[in-house]
Amino acid sequence: MRRILGWVDAGAPRSAAGTPPVGWDDVAPIFTGHETCGQCHVAGGVRADLPLDTYERVQAVAAPDTGVPWSALLISAHNHFF
């Protein structure tokens with residue numbers, strides 16, 4: 001888990017970066033392993049809708065959640081207020 005969090009904190013790089021340096025090659029076995037994420041996140045798995053078998057697919061879900069944009073939050077707050 002720490003290795004994956006370190007990788008995400010480093011910006012989920014394809015090649016090794018950060019401290020300690022960690023890249024996709026270092027975390028790929030965790031995502032694709034038959035006893036880890038790859039157990040469910042593969043074709044035919046329980047979470048086949050969210051495959052984690054390639055860098056590109058993992059990168060798409062590894063981006064930090066920045067929350068609701070201010071513009072959408074203001075519209076929602078305005079609508080709920082009235």
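The model is predicted, so local features need pLDDT of at least 70 and side-chain atom pairs count only at pLDDT 80 or more, while totals for chains, interfaces and linings use all residues. Residues are numbered from 1 along each chain as its sequence is written, and side-chain values use heavy atoms, with hydrogens and water left out.

Start with the helices. Helices here are DSSP runs of H or I with at least four residues, strands are runs of E with at least two, and both are numbered from the N terminus. Two packed helices are described by the angle between their axes and the distance between the axes. Helix H1 spans residues 2-9 and helix H2 residues 24-32. Their axes lie 10 Å apart, at an angle of about 135°. Each axis is a line fitted to C-alpha atoms, for helices over the stretch in contact, and angles run from 0 to 180 degrees between N-to-C directions. H1 and H2 are therefore oblique to each other. Under 35 degrees counts as roughly parallel, over 145 as roughly antiparallel, 65 to 115 as roughly perpendicular, and the rest as oblique. H1 passes H2 in a left-handed crossing, meaning that the near helix is turned anticlockwise from the far one by less than a right angle; clockwise would be right-handed.

Which residues make the contact? H1 brings Arg3, Ile4 and Trp7, and H2 brings Trp24, Asp26, Val27, Ile30 and Phe31. Contact means heavy atoms within 4.5 Å. Six of these residues are nonpolar, none is polar and two are charged. Ala, Val, Leu, Ile, Met, Phe, Trp, Tyr, Cys and Pro count as nonpolar, Asp, Glu, Lys and Arg as charged, and the others, Gly among them, as polar.

Now the rings. The whole structure holds five aromatic pairs. Rings of Phe, Tyr and Trp (its six-membered ring) pair if their centres lie within 6.5 Å; planes under 30 degrees apart are stacked, over 60 edge-to-face, and the rest tilted. Trp7 and Tyr55 have ring centres 6.4 Å apart and planes at 70°, so the pair is edge-to-face. Trp7 lies in H1 and Tyr55 in helix H3 (residues 55-62), so the pair ties together parts 48 residues apart in sequence. Trp7 is buried, at 0% relative accessibility. Tyr55 is buried too, at 9%. Buried means under 20% relative accessible area, exposed over 50%, and partly exposed in between (1.4 Å probe, protein chains only). Trp7, Trp24, Phe31 and Tyr55 form one aromatic cluster.

Next comes the loop between H1 and H2. Ala12 is found there and is buried at 4% relative accessibility. Most residues other than glycine have a negative phi. Ala12 has a positive phi of about 50°. Pro21 is also in this loop, but is exposed at 54%. Pro21 touches Ala16 and Asp26, not counting residues up to four places away in sequence.

Finish in H3. Glu56 sits in this helix and is partly exposed, at 45% relative accessibility.
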